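Keep the 3D view open as you read.

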Amino acid sequence: MSRIRPEEVREIAVLARLALDDEEIARMTQDLDAILGYVAALGELDTTATLPMTHAVPFDCPLREDVVTVALPVDAALANAPQREASFFRVPRIVPSAGAPSGAMTAGTPPEEG
Amino acid sequence: MASAASSSTTSASTLPEVRGASIATLAEGVRAGRWKARDLTEAYLDRVARLDGALGTYLLVDGERARRRASAIDAARVEGRPLGPLAGVPIALKDIFITRDIETTCASKILRGFHPPYESTPSQRLADAGTVMLGKLNMDEFAMGSSNENSSRGTVKNPWSLAHVPGGSSGGSAAAVAASLCAGALGTDTGGSIRQPAALCGVVGIKPTYGRVSRHGVVAFASSLDHPGPFGRTVDDVATLLEVIAGPDPMDATSIPTPVGRYREAVRAGSQAGIAGVRVGVPAEYFGAGMDAEVESAVRAAIAEVERAGANVVPVSLPNTKYAIATYYLICTAEASSNLARYDGVRFGYRTPDAHSLEELYTRTRGEGFGWEPKRRIMLGTYVLRAGYYEAYYGKALKARRLLADDFAAAFARCDVMLTPTSPIPAFRFGEKTADPLQMYLADVMTVAANLAGIPALSQCCGFTRAGLPIGLQVMGPPLGEEAVFRVAGAYEARTDWHRRLPEDPRASGGVA
Amino acid sequence: MSTDSIAPGRAGVGTGAGARESTAGGTGLGKYEVVIGLEVHAQLATRSKIFSGSSAAFGAEPNAATDPVCLGLPGTLPVLNRAAVLAAVKLGLAVGSHIRQTCRFTRKHYFYPDLPKGFQISQFDEPICEGGTVRFRLHGEARSVRLVRIHLEEDAGKNLHAAAGASFVDYNRAGVPLCEIVSEPDVRSAEEASEYVRALRTLVRYLGICDGNMEEGSMRCDANVSLRLRGAERLGTKAELKNMNSFKNVRDAIEHEVRRQAALLDRGERVIQETRLWDAARGLSVAMRSKEHAHDYRYFPEPDLPPLVVSDAYLADVRASMPEIPEARYARYTALAALSPQDASVLCAEREIADYFDATVRAGAAPKKAANWVINEVLARVDDARLLGEAGVKVAPTALAELIALVDAGTLSGKLGKDVFLRMWAEGRTARDIVAAEGLAQVSDTDAIRAAGERVLAAHPDELRRYRAGERKLMGFFVGAVMKEMGGKANPKGANEVLKLLLEG
């Protein structure tokens, strides 16, 4: 019995922004299926009374003073840009949605997933 | 060793013999004026030029910069200016360490051409101590792998046998130290990637306590599991390097704020005063089926040696060990899928040509830029973080992690250190484990639990197979228990001479079997 | 698989799946209840970014205020800015939130060019503040809106869509700290929503944590709007409105949305849960494409930041340093100082005005008089009320109080007082100095006035005769003449009394 189907693998590839051709989808489905089969063993563990361990350090979050440290010069910031235009990073045109007003999107406004 | 020549360039015949040299010896020699830093650097660069074609450990050799730096150290010495404690010692860095203006690729196509505008804390501290950085070392792509077969820039050969893998993901680092292509090296250990290659290449490597060494400038694979750490020929060398790179860092919020321990002193204590009364735990679960017979025999002999040295050997149990791999692969892939989201062709690295839309930019850049292993881990990680799957997979793994950490805590109430094999098998042949993902993942069975719990763990050579392949002994300690680890490791090394054996230099055509 | 707390979606606002949508007879908005929840992002006015050290100030040249961390370069790690924590705690205390002793950061994943790491560091499960209430007035009536939470997160960069085929990205804003303020769906009208946002703006300016400039984007607002039949319990399907960058836009956009949804429901159609962008120029909203798997943010705890602990000692320190918040001042002004609601509102509108007023009263001026002077004279002369808070303010509160005292004492007439104020503002001198230097003191010396009065009466025999004959209104003429005779410095009341005596006698 398989734990993951090619359709779902395609969905995940979209979520992860990975272009996979049909052969790769098939291979990935096989690989993921095997791994998911193996990790299912964790289901045997009784963790009802266990708290999750997200950090291996028992220390609190340290805080930084609110001072400006030296900023990167523009050219250094853009030095590795695959494509640049003036002082900007250049990417193919972003189309939020048909007919929507263009303009800077607010934070927390991702494009639709998928 | 050749005496210091008066000219700044020296012909190969008068270069100091550095094969098998320890950092301690080299540092002391430069300080005492026995050798020029420049000559040491030339000696290593000469070995790299002659031998690395067969081994493939370096991705980038920065000879020009290294020579300049070495000469500057010599000039400083002559002028009586202060030198760092490791002045003139040539080291190299796994290509996962960010080096200012020097290409850093993580052995991935997606970071080809990336020249960072800043320096990692560990490499900066090594530089501040006076070391000379020879270049960047090969690795599994984004630190994902156990054999260095996942590099986009070619494989690394095990100096003990060119048909065998060096281990991974810090395969280049381990092999370079084993073959004396640098005196010491830095690597990272997320699931065993320092210890396992150290074991397979017969050198010493330590994964310190999580947070003991800053991760600032260490390209992230799995944030809560990544541990930068040193490789060396001897336990003392590794302790030396760790003392230099460890310590709190305001640039890393997970770095431990307490001062660094006295690791070299611990090594000395172990090798001179001994380890009488130290309680050494041997966890039953690390000696089960599937272990190579020669590995088991060598490790048991090592434990016996440690017992003869005065330690009390105590059987302990880590009952949840069999869930460690599953726990590890759920957590590390989830975190990796997140950490690798930034590789999108927008600000740095590879960008797919002719993308006409943003979607094409992303999916093709990442599809073309990542190798199969990173893609597989990204896919698995994305899957387990999906809404609705979180509790069953990632959430569950976080709880299993706590159970594993609790196992260690309980065991360390009864012992000071634990001894186990580092790897259940010695170095395997190329291609032997690449067909089935699980086979490769299971090679990490002895190392991943220490990453999940964040405890320190070291590997040192404890023997060789009949075929001449090294076998590694793992020494684990409680959190911030590096001193106990170094004490026992130092004691064991002092009573043996595995660490003095050197692999043959490969012939240029790479024929050593 | 068990459901768990980390499911994406808005906390506290139901989707009303299956809620009966209206097909009942009758139209008109009156039969619907409007339910609005608001999310406001306040950009914190810290010097540096929330997780790194480059400048958070507005207005730098593109990509001139970045660093490796906020660019999301490989190997970089976030380190939390203590000023951002302080700002969030102040805000939480000001609205009566519960400040969590331990809170955590979360990664929220999506791919977009302005989001360098491919995830935003935010807070999901354990935000720094929970609950709280924002109080304000709508048409003089007290209103309150409950908060679900306040949390810290980092801002994204900016995309600019320019030439055909290309967009351009500027990361200066990436990493600037944000406080996200999420309300319960307690708001019941577009106007109330607008006033709520205005109240938040006033509050964050009072606390000095944000300049609340919606046009510049330092404060942003999204609204979740749904309708239900009056009396219904279940919430209707909500639509999310974005891109409202002024109080007026908040109001217009929500009004438009209410009409849109009502029209749909009246026709028997369903409201689709979607995100709509407000287009102020065209006065309408446009739906963004919505997909079934929209927004799977794959939240998980941020491994690079250990949990943040806010101790009781820290909270006590912050409490002790808090300014009096706007609504508390309003209450004090209207109750204790008995100022009118309008005057109190004006004085409370900005912290600097209220502080200035309080300082004037502390220096001895009566509240009503101080209010009068501050509102009519001081405020008329500043474009930006914040200048009142600066050390170099042209007329300090103590100086104003001194002037008011001189007018009260009769040393200066009201009109003369205003003139003196103008001179104080222009020249930076105190009232006493100006009065002394120019002998402006209103003369109350009866003898001097009497002497002036006798001269005036002697100089105007015709008018005197007419007054004695019965033209009493000529008193005004005589008073004016005495004032003129004395160079405007006579105390009018005094002049009046003296003349009466002279004329009767």
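## A helix with two faces

Helices here are DSSP runs of H or I with at least four residues, strands are runs of E with at least two, and both are numbered from the N terminus. Before going on, note that this is a predicted model, in which local features need pLDDT of at least 70 and side-chain atom pairs count only at pLDDT 80 or more, while totals for chains, interfaces and linings use all residues. Residues are numbered from 1 along each chain as its sequence is written, and chains are lettered from A and ligands numbered from 1 in the order in which they are written.

Just after H8(B) comes B:Gly274, with a positive phi of about 90 degrees.

## Chain B as a whole

Now zoom out. Chain B has 16 helices and 11 strands. The radius of gyration of chain B is 22 Å, close to the 24 Å that the globule rule gives for 513 residues, so chain B is as compact as a globular protein of that length. (That radius is taken over C-alpha atoms, and the rule is 2.2 Å times the number of residues to the power 0.38.) Along the principal axes, the C-alpha atoms of chain B fill a box of roughly 70 × 65 × 45 Å.

Buried residues make up 65% of the 513 residues in chain B. Take the contacts in chain B between residues at least 6 apart in sequence: 77% of them join residues at least 24 apart. Two residues are in contact if their C-beta atoms, placed from the backbone, lie within 7 Å.

## One loop worth a look

Next, find the loop of chain B between strand E3 (132-137) and helix H5 (171-178), where B:Asn150 sits. Is B:Asn150 buried or exposed? With 25 C-beta neighbours inside 10 Å, B:Asn150 counts as buried. The residues that B:Asn150 touches, leaving out those up to four places away in sequence, include B:Asp140, B:Met144 and B:Glu373. B:Glu373 is 223 residues from B:Asn150 along the chain, yet their C-alpha atoms are separated by 7.0 Å.

The loop between E3 and H5 of chain B also holds B:Ala143. This residue has a positive phi of about 65 degrees although it is not a glycine, and B:Ala143 is buried, with 31 other C-beta atoms within 10 Å. B:Ser169 lies in that loop as well, and a cis peptide bond, with omega about 5 degrees, joins B:Gly168 and B:Ser169.

## Where chain B meets chain C

How many residues does each chain bring to the contact? Chain B gives 38 residues and chain C gives 32 residues. On the chain B side, helix H10 (324-339) and helix H13 (391-412) are the elements that give two or more residues. H13(B) provides the largest share, four residues.

## A helix in chain C

In helix H6 of chain C (residues 341-348), C:Asp343, C:Ala344, C:Leu347 and C:Cys348 are buried. They cover an arc of only 125 degrees around the axis, which puts them on the same side of H6(C). The face turned away from that buried side of H6(C) carries the exposed residues C:Pro341 and C:Gln342. The packing partners of the buried residues of H6(C) are helix H5 (326-335), helix H7 (351-362) and helix H8 (367-378) of chain C.

Terms used
Buried ≥ 20, exposed ≤ 12 C-beta atoms within 10 Å, placed from the backbone. Arc of directions from axis to C-beta.
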